[in-house]
Amino acid sequence: MKKRIKVTITDFEPIKQNLNDPEELSLYEAANGNTYDAEIEHDGYAVVDLSEDNYLELAPTEYQLMIEEWTNAGKIGELTLQTKSDPADDKALLYRMVDEAENEAQAPVSLPKQVVELVSKTWFGKKQKADVDA
C-alpha cells in the first residue's frame, strides 16, 4: 500500500558511501524536501518510483509520513478530533476539535510525533509483568 511521505534527509554521508554513481546521488539530493507516494516495506524502508528507470530507497530516518488534509481521528462528545501533518514542522502533527459543521471549536495545536507515540505506548501498550523471585 502506498503512503504519502516527505523526504527529510539530514545526512547524505551514508548514502554517498552506498552509492558509486553521482547521478544516483543527485536523485536523492533533488528529492530531499519533496513529497511522494511511496511503498513502505515491512522493514520500514520506503521505495519511491521516480520514473520507469529510477527509484529511491529511503531508510526510516530519511522520510516522514505525511497527512496533508485534515483527517478525522475520533469523536470526543459532540466534537470531532482531527489531525494532519504540521506544515511548519515535518516531525509534528496538528490537532484540532471541530463541531458537526466542521467549525473549529478548538484551534490547532502542534505536537511532536514522538510525544504522540510515547503517549500512545503509555496508554495502549502492553504492560510487562515484573519477574518476581519466589
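How far apart are the end C-alpha atoms of helix α3 (residues 113-124), and what span should its twelve residues have at 1.5 Å a residue?

Reply: This is a predicted model, in which local features need pLDDT of at least 70 and side-chain atom pairs count only at pLDDT 80 or more, while totals for chains, interfaces and linings use all residues. Residues are numbered from 1 along each chain as its sequence is written, and side-chain values use heavy atoms, with hydrogens and water left out.

The end C-alpha atoms of α3 are 16 Å apart, which agrees with the 16 Å that its twelve residues should span; the expected span is 1.5 Å times one less than the number of residues. Helices (DSSP runs of H or I, at least four residues) and strands (runs of E, at least two) are numbered from the N terminus. One of the twelve residues of α3 is buried, so this helix lies largely in the open. Here buried means under 20% relative accessible area, exposed over 50%, and partly exposed in between, with a 1.4 Å probe and protein chains only.

Elsewhere, five strands form an open sheet in the order β4-β3-β2-β1-β5, with antiparallel pairing, where two strands pair if DSSP finds at least two bridges between them. Because β4 and β5 (63-65) stand at the edges with a single partner strand each, one side of each is left without a neighbour in the sheet. The antiparallel strands β3 and β4 are joined by four bridges, and Asp 49 stands opposite Tyr 55 in β4.

The largest nonpolar core has 16 residues; such a core is a set of buried Ala, Val, Leu, Ile, Met, Phe, Trp, Tyr and Cys residues joined through side-chain atoms within 4.5 Å. The elements that each give two or more residues to this core are β1 (2-7), α2 (22-31), β2 (35-40), β3 (46-49) and β4 (55-58), and α2 gives the most, with three.

Ile 9 and Leu 58 are among the core residues with the most contacts inside it. Ile 9 sits in the loop between β1 and α1 and is buried, with a relative accessible area of 6%. Leaving aside residues up to four places away in sequence, Ile 9 touches Ile 15, Tyr 28, Asn 32, Leu 58 and Glu 62, where contact means heavy atoms within 4.5 Å. With neighbours within four places likewise set aside, Leu 58 is in contact with residues including Ile 5, Val 7, Tyr 28 and Val 48.
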